[in-house]
Amino acid sequence: MKYLIVLIFFFLNLTTIAYPNNIVYIDMNYILSNSNYGKSIFNELENINKTNIKELETKEKILKDLEKKITNQKNILSKEDLEKKINDLKKKIVVFNKNKDELSKEFNVYKNKQITDFMKNIEPLVSDYIKKNSITIVLDKKNVIIGEKDFDITLKILEIVDKNIN
């Protein structure tokens with residue numbers, strides 16, 4: 001019985017030696033949000049978004065003023081002129097909505113491109129870290145249910161990204 005316990009203990013230790021823990025996880029959203037490079041991307045995106053919003057608000061104000069002007073002239077204009085102005089306003093509103101949708105679509109395409117470029121730029125840094133530390137698998141933190149904090153390499157990668165990418 002004593003030998004059986006020793007054998008079991010020996011095999012349990014042998015399996016942990018044969019399969020070292022070289023699986024880690026990383027929080028890419030944290031790196032994107034907190035690295036200097038990621039912050040510059042978000043600042044640029046925020047500035048573009050603010051510019052787009054100001055442009056849309058200006059155009060919307062013009063349309064509202066035009067609508068108000070038509071409403072005020074409702075009793076003065078002839079029925080044909082009123083209908084003509086209302087139809088013209090409706091056309092302008094359709095154009096405005098198309099422009100708004102295009103701006104939104106362009107912004108989302110640009111945002112996705114910037115994030116993709118970010119990931120492409122940090123990928124070699126992560127690969128070098130993986131090779132140097134003999135890591136077999138890197139998981140995204142959002143897909144890890146439970147894991148020891150020792151296997152989280154997020155802060156190490158963040159430091160490397162801040163040192164190497166401006």
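## Briefing: a helical chain and its cores

Q114 touches I41 and E44 when residues up to four places away in sequence are not counted. The model discussed here is a predicted one, and the chain has five helices and two strands, which run α-β-α-α-α-β-α from the N terminus on. Its mean pLDDT is 86, and 87% of its residues reach 70 or more.

**Chain as a whole**

- Among the contacts that link residues at least 6 apart in sequence, 85% are between residues at least 24 apart.

**Confidence**

- Over residues 14-19 the pLDDT stays under 50, and for this stretch the model has zero contacts beyond four places in sequence.
- Where pLDDT is low, predicted coordinates should not be read in detail.

**Helix α3 and its link to α4**

- Helix α3 covers residues 36-72, and its 37 residues should span 54 Å at 1.5 Å a residue; the end C-alpha atoms are 53 Å apart, which agrees with that expectation.
- The buried residues of α3 are Y37, G38, I41, L45, N52, L56, L63 and I70, and these buried residues pack against α2 and α4.
- E44 also lies in α3, where it counts as partly exposed because its relative accessibility is 33%, a value between the 20% and 50% cut-offs.
- Q114, by contrast, has its place in helix α4 and counts as buried because its relative accessibility is 13%.
- E44 and Q114 are 70 residues apart along the chain, yet their C-alpha atoms are separated by 9.9 Å; E44 touches both Y110 and Q114, again leaving out residues up to four places away in sequence.

**L82 and the residues it touches**

- L82 is found in helix α4, and with a relative accessibility of 16% it counts as buried.
- Its contacts, not counting residues up to four places away in sequence, are with I70, K74 and L77.

**Helix α5**

- Helix α5 comprises residues 154-164, and its buried residues are T154, I157, L158 and V161. They cover an arc of only 105 degrees around the axis, which puts them on the same side of α5.
- An α-helix has 3.6 residues a turn, so residues three or four places apart point the same way.
- L155, K163 and N164 are exposed on the other side of α5.
- The buried residues of α5 pack against three elements, namely β1 (23-26), α2 (28-34) and α4 (79-132).

**Nonpolar cores**

- The largest nonpolar core has 20 residues, and those with the most contacts inside it are I31, F118, I122, I157 and V161.
- At least two residues of this core are supplied by each of β1, α2, α3, α4 and α5, and α4 provides the largest share, six residues.
- I157, which is also one of the buried residues of α5, is in contact with I26, I31, V126 and Y129 once its neighbours within four places in sequence are left aside.

**A backbone detail at S134**

- S134 has its place in the loop between α4 and β2 (137-140), and it is exposed, with a relative accessible area of 53%.
- Its phi is near 50 degrees, a positive value in a residue other than glycine.
- Most residues other than glycine have a negative phi.

Conventions
Residues numbered from 1 in each chain as written. Predicted model: local features only at pLDDT ≥ 70, side-chain atom pairs only at ≥ 80, totals over all residues. Heavy atoms only, no water. Buried < 20%, exposed > 50% of the residue type's maximum accessible area, 1.4 Å probe, protein only. Helix = DSSP H or I, 4+ residues; strand = E, 2+ residues; numbered from the N terminus. Arc of directions from axis to C-beta. Contact = heavy atoms within 4.5 Å. pLDDT = per-residue confidence, 0-100. Expected span 1.5 Å × (residues − 1). Core = buried A, V, L, I, M, F, W, Y, C linked by side-chain atoms within 4.5 Å.
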